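This briefing describes the structure shown below, grouped by topic.

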Amino acid sequence: MDKRFIKKQMDNVIKTYTEQSFSLPLTKEEGNQLLQKIVDQVQQQGFENLPDILHDIIYPFFTNQDE
């Protein structure tokens with residue numbers, strides 16, 4: 001699994017939620033935690049579900065909604 005590709009897709013989705021193209025409002029630890037959650041879900045659900053997985057994990061993070 002290419003984590004670099006997933007990270008790039010994750011960064012793109014985060015930008016749509018934050019409207020910040022200059023820097024992402026995440027600490028390195030938060031970014032790593034989100035990335036690991038996404039990778040875990042991709043391994044369970046399959047790579048073809050990546051767009052849905054990205055939004056399902058990132059949206060609650062930025063809206064402070066518990067899972």
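Phe62 is located in helix α3, where helices (H or I, at least four residues) and strands (E, at least two) are DSSP runs numbered from the N terminus. The model is a predicted one, in which local features need pLDDT of at least 70, side-chain atom pairs count only at pLDDT 80 or more, and totals for chains, interfaces and linings use all residues. Residues are numbered from 1 along each chain as its sequence is written, and side-chain values use heavy atoms, with hydrogens and water left out.

**Phe62 and its surroundings**

- Phe62 has a relative accessible area of 24% and is therefore partly exposed; buried means under 20% relative accessible area, exposed over 50%, and partly exposed in between (1.4 Å probe, protein chains only).
- Leaving aside residues up to four places away in sequence, Phe62 touches Ile14, Tyr17, Thr18, Pro25 and Leu26, a contact being heavy atoms within 4.5 Å.
- Phe62 and Ile14 are 48 residues apart along the chain, and 8.6 Å separates their C-alpha atoms.

**Overall composition**

- The protein contains three helices and zero strands, which follow the pattern α-α-α along the sequence.
- Of its 67 residues, 30% count as buried.
- Among contacts between residues at least 6 apart in sequence, 61% join residues at least 24 apart.

**Helix α1**

- Helix α1 covers residues 3-18, has 16 residues and reaches 22 Å from its first C-alpha to its last, close to the 22 Å expected; the expected span is 1.5 Å times one less than the number of residues.
- The N-terminal end of α1 is capped by Asp2, with a side-chain oxygen 3.1 Å from the backbone nitrogen of Arg4.
- After α1 comes Glu19, whose phi is positive, near 55 degrees.
- The buried residues of α1 are Ile6, Met10, Asp11, Val13, Ile14 and Thr18, and what covers them includes α2 (28-45) and α3 (50-63).
- An α-helix has 3.6 residues a turn, so residues three or four places apart point the same way.
- Lys15 also belongs to α1 and is partly exposed, with a relative accessible area of 34%.
- Lys15 and Pro25 are 10 residues apart in sequence, and their C-alpha atoms are 9.3 Å apart in space.

**Packing of α1 against α3**

- The angle between α1 and α3 is about 50 degrees, and their axes are 10 Å apart; axes are lines fitted to C-alpha atoms, for helices over the stretch in contact, and angles run from 0 to 180 degrees between N-to-C directions.
- The two helices α1 and α3 are therefore oblique to each other, given that angles under 35 degrees count as roughly parallel, over 145 as roughly antiparallel, 65 to 115 as roughly perpendicular and the rest as oblique.
- The crossing of α1 and α3 is right-handed; a crossing is right-handed if the near helix is turned clockwise from the far one by less than a right angle, and left-handed if anticlockwise.
- On the α1 side, Phe5, Ile6, Gln9, Met10, Val13, Ile14, Tyr17 and Thr18 meet Leu50, Leu54, His55, Ile58, Tyr59 and Phe62 of α3.

- Helices α1 and α2 pack at about 115 degrees, with axes 10 Å apart, which makes α1 roughly perpendicular to α2.
- The crossing of α1 and α2 is right-handed.
- Lys3, Ile6, Lys7, Met10 and Ile14 of α1 meet Gly31, Leu34, Leu35, Gln36, Ile38 and Val39 of α2.
- For α2 and α3, the packing angle is about 145 degrees, the axes are 10 Å apart, and the crossing is right-handed.
- The residues making this contact are Glu30, Leu34, Lys37, Ile38, Gln41, Val42 and Gln45 of α2, with Leu50, Ile53, Leu54, Ile57, Ile58 and Phe61 of α3.

**Leu26 in the loop**

- Leu26 lies in the loop between α1 and α2.
- Leu26 touches Ile14, Gly31, Leu34, Phe61 and Phe62, not counting residues up to four places away in sequence.
- Leu26 and Ile14 are 12 residues apart in sequence and 9.5 Å apart in space, C-alpha to C-alpha.

Notes:
Polar contact = N/O pair within 3.5 Å; in protein donor to acceptor, adjacent residues only side chain to side chain.
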